[in-house]
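Here is a short briefing on one chain.

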Amino acid sequence: MSPLAVIITMAAYFAAMLALGWLSSKSSKEADNQGFFTGGRKTPWWIVAIAMIGAPMSGVTYVSVPGMVGLGGTAMGYMQMVMGFFVGYLLIAFVLTPVFFKMNIVSIYQYLEDRFGVASHKTGAWFFFISKILGAAVRLYLVCVTLQLMVFEPLGLPFVLNVAISIAIVLLYTFRGGVKSVIWNDTLKTVCMVVSIILAIVFIAKDLGLDFKGVEDAILSSGYSRMFFFDDVNHPEYFWKQFLSGILLVVAMTGLDQDLMQRTLASRNQKDSRKNLITSGLLQIPVIFMFLCLGALLYIYAAQRGITETGDTLFPAVATGGGLPLAVGILFVIGLVSCAYSAGGSALTALTTSFTVDILGVKGKTEDQVSRTRKRIHLLMALLMGVVIIVFHLLNTKSAIDAVYKLASYTYGPILGMFAFGIFVRRKVKDRWVPLVAVAAPLVCLLLQANSERWLGGYKFSYELILINAGLTFLGLCLLMKSKKAE
């Protein structure tokens, strides 16, 4: 696939994306801060549900999930986590959402101030900030690397220019519309992503001479179809590790993530929010299963055609290598950019919201003052995201999705522990010591993971480390509980 074909395809998608951003921002002239932060809480639940199917999925999901099928004997073991994801969505819908709607909050971390105090509020906001800036950078980094190989490198253009253009696109469509633009572009993204995956499977199967039954037989006999791992508790893919990790990661990375909950809080009411969460959580199961089936087909195709790429580079190599019809390359580019830039835009909007509301604060400020601050922070967050992407490019990583979940195990664990304590334990804590507990928990986890095989008889931690992290935070808060007399 030529660089010109990639550029034309991307330009067409960007035109549609920017048009949606312009229309969504134009539809609410008044109270632009409220529109930016919550979308005015007027978005229909089914639109949010469609948006939420694709919202957690980024360019990392699009490229890395198919690629992981052939790495480390994992096959389709990722589905074990996906099953846990749905349980996590139910917990968000019935436990967290009622709390947030009852408080009528803009940022979910305002709950921590109401429950514990200012130090806890700032701690939650800062951990989210670190989590989101790192996670968003990993996601956009993978896309920038792919575009560098397909467009910028053949044209002799540097990676820094690639990053600058990508960040500018994300900035353009979110600068005014905020969460409204994000929701409508996530809806477009979901449709593009699902259609591109289905058609990519169809084209690859046709090239391999397989019908529907042939595809099923090929995957089942390929060695890439194993989904459940019950035999070795020490193995990172052990079922209960993955299932429990899926529950906790969704609660932390969706329910306690300003980025994704900002969409849910844009629903008209608690009932609509619950409907969109359950619907999107359920529909994600077949969508991710299609990603994994595509991954198996990609490895089968690569083996027959002598393609040696694996992991994150497999899908780009097959789709744009010239062995398949041009339509496959076009579909890949559309799916990739739709996932990547929507995820980047939503992360940028959430970072702006949290930093403006949680860290700087909006109390006592006029609408104009908040608006000016918000716009400056939006630009600053875009610049910071670009810098972090370049740092990731220098560090490099084999599997981006693995990097995302490993980072989440450390950075979302304290947030999960703080919210769990706040919801299930009614006692107050000594607020000023909460930051110390939140920092100590992931440091202990880092030490534990580095020595787990030696200390625990060969046991290897996977993403379930988030449970240990949250548990240590919860335990630390128990030690900080005020006496009943002090309360």
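**Aromatic pairs and helix packing**

Phe239 is buried, at a relative accessible area of 8%. The model is predicted.

**Phe228 and Phe239**
- The ring centres of Phe228 and Phe239 are 5.9 Å apart and the planes stand at 55 degrees, so the pair is tilted.
- Phe228 counts as partly exposed, at 35% relative accessibility.

**Other aromatic rings**
- The whole structure holds 19 aromatic pairs.
- Tyr224 and Tyr299 also form a tilted pair, with centres 5.3 Å apart and planes at 35 degrees.
- Tyr224 is in the loop between helix H10 (212-220) and helix H11 (239-255), and Tyr299 is in helix H13 (residues 270-305), so this pair ties together parts 75 residues apart in sequence.
- Tyr299 is buried at 7%, whereas Tyr224 is partly exposed at 22%.
- Phe100, Tyr109, Tyr111, Phe128 and Phe419 are linked into a cluster by ring pairs.

**Helices H19 and H20**
- H19 (residues 434-455) and H20 (residues 465-479) pack at about 145 degrees, with axes 9 Å apart.
- Their crossing is right-handed.
- Contact residues include Val437, Val444 and Leu448 of H19 and Ile468, Leu472 and Gly476 of H20.
- By class, this contact has 11 nonpolar, 4 polar and no charged residues.

**Whole chain**
- The chain has 20 helices and 0 strands.
- Of its 487 residues, 58% count as buried.
- The accessible surface is about 19,400 Å², with 68% belonging to carbon and sulfur atoms.

How values were computed. Residues numbered from 1 in each chain as written. Predicted model: local features only at pLDDT ≥ 70, side-chain atom pairs only at ≥ 80, totals over all residues. Heavy atoms only, no water. Helix = DSSP H or I, 4+ residues; strand = E, 2+ residues; numbered from the N terminus. Buried < 20%, exposed > 50% of the residue type's maximum accessible area, 1.4 Å probe, protein only. Areas by Shrake-Rupley, 256 points an atom, 1.4 Å probe, with all protein chains shown as cover. Axes fitted to C-alpha atoms, helices over the stretch in contact; angles between N-to-C directions. Left-handed = near helix turned anticlockwise from the far one by under 90°. Contact = heavy atoms within 4.5 Å. Nonpolar A, V, L, I, M, F, W, Y, C, P; charged D, E, K, R; others polar. Phe/Tyr/Trp six-rings, centres within 6.5 Å; stacked < 30°, edge-to-face > 60°.
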